[in-house]
Amino acid sequence: MALSALDLFSIGIGPSSSHTVGPMKAAKRFADDLLAGGRLTQVARLRAELFGSLGATGLGHGSDKAVILGLQGHDPATVDTALADSLVAQSIAAGTLQLAAGHRIGFDDEKDVILHRRKSLPGHPNAMTFAAFDAAGTLLQEQTYYSVGGGFVVDEHEFGAERIVNDDSALPYPFTTGAQLLAHCSTENKSIAQIMLANELTWRSEAELRGQLLNIWAVMEACVENGCTRTEDLLPGGLKVRRRAPALREKLRATEAAAAGQVPDPLWAMEWVNLYALAVNEENASGGRIVTAPTNGAAGIIPAVLHFFMRFMPGASEDKVVEFLLTAAAIGILFKENASISGAEVGCQGEVGSACSMAAGALCAVLGGTPAQVENAAEVGIEHNLGLTCDPIGGLVQIPCIERNAIASVKAINAARLCLQGNGEHKVSLDAAIETMRQTGADMKTKYKETSRGGLAVNVTEC
């Protein structure tokens, strides 16, 4: 089974793909399975237990709220983000939970949604177990799920099958390594985006794919706009982090107006790149509508770099948007297949690192880079994020996550431009860098993998 570009870029809700989107999907899946199995009307009580990183940082990521929303039947791609908190609050206040088909049960959030802060399950750091009981307390159904990064959810039988395309269709250009991808490009004289497109046509028409990818871009654009127009001064969660995107955009626009069409300084575009990334990640921290790219914690990098291209570089068009996203997805598949995009599994190198690599390679492609130069840019993007830890203060996707996206966006642009000056030849392959990331993640102490028990999370006082 193969990964699609639409696996890597999915529409969801903030603040976390693995800790918010994943639990919501798992909870909805459990409730849907009860309905499909004819057991739903027998249910009198449900219990959800969150383990590992989910239990350790679930409150900061809204995992408990996500579980409630999922059990209510809401999907991350369609739930009204403006009403999500109130939907949860209503259930808690009423002491009841309405499941699918209108079936209502008693509900005590403190007893029925349990976050185990120091207990893990062996399958994956992000584990959840759901159980349903009848009025006599008899167990009706129980299932454990794992949120493996980027919003992907699997049970213990599905590891390696976490993808939209759930068939065994033969692809014209199968690849699981960068070397295989480059070989296809060389043999067929195609770009990386063209190889991806040919594979995608196995499952859907080009018009359908184009429409969905442009919709992904439209959601990214809306996310930036929403992040720039929020009126609340502080981000939610208790750290009292102030929003910067709205004021920064006003300042940039005022500076441009005063410059009367002149570029204020040689690096002016970087100011906007920072803004784009901050806007997306502040919107993510606010529980807004987000595109996993490939995760929520790193969701600002690809939109920021693509906004940079569309605003500041010649040749911008919808065709280039599609090329950018297909190229980025091809690189993302390599990380998903050979390492991980889960901060709980390999640290932030798997989130911001992989997003930086995807953005670097994609920008290099739309700027005219050869497949070899694109692979080189992607390698530079991850090589200089190796060892990056995931240590969110207070378990919130705010510090250092928001600024980290801005820094990585600029790094991706620099990687693309650096590699466009070469011929694609380099000593360290993308495959070698991804394998190094996997090994580094395996060696990394658990406290640095989205548990908020190490790094900045314990060395900076929460306000």
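This is a predicted model: local features need pLDDT of at least 70, side-chain atom pairs count only at pLDDT 80 or more; totals for chains, interfaces and linings use all residues.
Biologist: How much space lies in the largest pocket?
Modeller: About 530 Å³.

Biologist: Which residues are closest to its centre?
Modeller: K65, D85, P236, S286 and G287. They belong to a lining of 29 residues.

Biologist: And which elements give two or more residues to that lining?
Modeller: Helix 2 (17-36), helix 3 (52-61), helix 4 (63-71) and helix 5 (84-94).

Biologist: What is the lining made of, by class?
Modeller: It has 13 nonpolar, 11 polar and 5 charged residues.

Biologist: New topic. Where is S354?
Modeller: S354 sits in helix 15, residues 352-366.

Biologist: Is S354 buried or exposed?
Modeller: Buried. Its relative accessible area is 0%, and buried means under 20%.

Biologist: What does S354 touch?
Modeller: Leaving out residues up to four places away in sequence, S354 touches P294, F335, I341, Q349 and I382.

Biologist: What kind of peptide bond joins A293 and P294?
Modeller: A cis one, with omega about 0 degrees. P294 lies in the loop between strand 9 (289-291) and helix 12 (301-312). The bond from G14 to P15 is cis too, with omega near 10 degrees. P15 is in the loop between strand 1 (11-13) and helix 2.

Biologist: Now N189. What is its phi?
Modeller: Near 55 degrees, a positive value in a residue other than glycine. N189 lies in the loop between helix 7 (178-188) and helix 8 (192-200).

Biologist: Why does N189 count as exposed?
Modeller: Because its relative accessibility is 70%, and exposed means over 50%.

Definitions and conventions:
Residues are numbered from 1 along each chain as its sequence is written. Side-chain values use heavy atoms; hydrogens and water are left out. On a 1 Å grid over the protein atoms alone, a cavity is a set of points where a 1.4 Å probe fits but cannot get out, and a pocket is an open set with protein on both sides within 12 Å along at least five of seven lines; lining residues have an atom within 4 Å of a point. Grid points are joined across faces, edges and corners, and a volume is the space filled by probe spheres set on the points. Helices (H or I, at least four residues) and strands (E, at least two) are DSSP runs, numbered from the N terminus. Ala, Val, Leu, Ile, Met, Phe, Trp, Tyr, Cys and Pro count as nonpolar, Asp, Glu, Lys and Arg as charged, and the others, Gly among them, as polar. Buried means under 20% relative accessible area, exposed over 50%, partly exposed in between (1.4 Å probe, protein chains only). Contact means heavy atoms within 4.5 Å.
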